[in-house]
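User: I am new to this structure and would like to go through it by question and answer. Please show it to me to begin with.

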Amino acid sequence: MTANGQQLHCNKTENEELYWAARGAGPGKFQMQNVSVSMLGLINIGFPAIVTRFYLQTKKLPKHIRSSAYIFPKALFKTSLNWVKSIAEAYDEDTEIVCVGRFIPDYDESVIIVGFTSFKDSDDEAVLALEAAENSVPSGYLQKHFAQETSLQEQYIDQGSANPEGHRYCSDNAYVHNDADVAAVLEETFTTLPTRKSFALWYAMAPTSRRTLPDMALSMQSDHYLAIYSIWETTEGDDKCQSWVSNVMDRIAPHSVGQYLGDSDFQVRNTKYWSEEHGKKLMKIREKWNPDGRVCGYLDKGDHSGATGLINKL
């Protein structure tokens, strides 16, 4: 539903301009109920319309999921990240690779967890995919768990426990430059967590980050994605936890090529979200389809960007 009330179907050949913008125009979506027309819609912040229906192509769920985890002391953060970074680009493409700094009940200090989760059609394939990490892991780890059976349900449960309800959150993220000394840039972030529930996550974007993207608004890529989550329980921790996020991101910013919109707070920090060309094209589409700002924009500080949108500069 466009800002002037048109109901349109958008795909690669029909209203393709809006279809191009929808894939990467803005961050998370929230529901909105318009009682007068009994329509449940989704607003993608930054997208100049309201999405009322999706047509999706599903993928077959892999039959076998196995995961390995290697837990290092935080003093070996550089060792653990440099190891996983060195094998990520050529690793099996059906395996998700992450490095997480967090607290776990077994230890007083925070630890570094390097995780590999493989999604395959056969159990043998899943185990085989994890052997490359098992055969190359450096010494010094505290614990390891090789090729354990898991499921999507278990993965969601783990995610839920890492993101408890009824808490206060402050998060930020960055795509780190491929040429940076990534371990040195991120060491402070992963080893100075402000609370036992906070965590930092490095996600191996390679090799998919080296692919040519489809023609769409989404255009920001690097091999290294960082997300940080400061989590605490009461207002007394606001200054400490918010300042930690702000301070570590200030030091990471010079090594960043931009940011993922989905974990961005435009009222706190603005940076680059699209390539130069794609950013300019997106803002022109927004102005064309939503010139009066009837559909909400990026909601930056004071909502100053309005219909013109974000600057998209580092």
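This is a predicted model: local features need pLDDT of at least 70, side-chain atom pairs count only at pLDDT 80 or more; totals for chains, interfaces and linings use all residues.

Analyst: Residues are numbered from 1 along each chain as its sequence is written, and side-chain values use heavy atoms, with hydrogens and water left out.

User: Is H2 parallel or oblique to H5?

Analyst: Helices (H or I, at least four residues) and strands (E, at least two) are DSSP runs numbered from the N terminus. Axes are lines fitted to C-alpha atoms, for helices over the stretch in contact, with angles from 0 to 180 degrees between N-to-C directions. The axes of H2 (residues 77-88) and H5 (residues 182-191) come within 9 Å and cross at roughly 130°. Angles under 35 degrees count as roughly parallel, over 145 as roughly antiparallel, 65 to 115 as roughly perpendicular and the rest as oblique, so H2 is to H5 oblique.

User: Which residues of H2 make the contact with H5?

Analyst: Contact means heavy atoms within 4.5 Å. On the H5 side the residues include Leu-186, Glu-187 and Phe-190. On the H2 side they are Phe-77, Lys-78, Leu-81, Asn-82 and Lys-85.

User: How many salt bridges are there?

Analyst: Side chains of opposite charge can pair when their charged atoms come close. A salt bridge is a side-chain nitrogen of Lys or Arg within 4 Å of a carboxyl oxygen of Asp or Glu. By this rule the count is 15.

User: How many residues apart in sequence are the parts tied together by Asp-92 and Lys-120?

Analyst: The side chains of Asp-92 and Lys-120 form a salt bridge, 2.8 Å from N to O. Asp-92 is in the loop between H2 and strand E5 (95-102), and Lys-120 is in strand E6 (residues 111-120), so the separation in sequence is 28 residues.

User: Is Lys-120 buried or exposed?

Analyst: Buried means under 20% relative accessible area, exposed over 50%, and partly exposed in between (1.4 Å probe, protein chains only). Lys-120 also forms a salt bridge with Asp-94, with the closest N and O atoms 2.8 Å apart. Asp-94 is partly exposed at 39%. Lys-120 has a relative accessibility of 10%, so it counts as buried.
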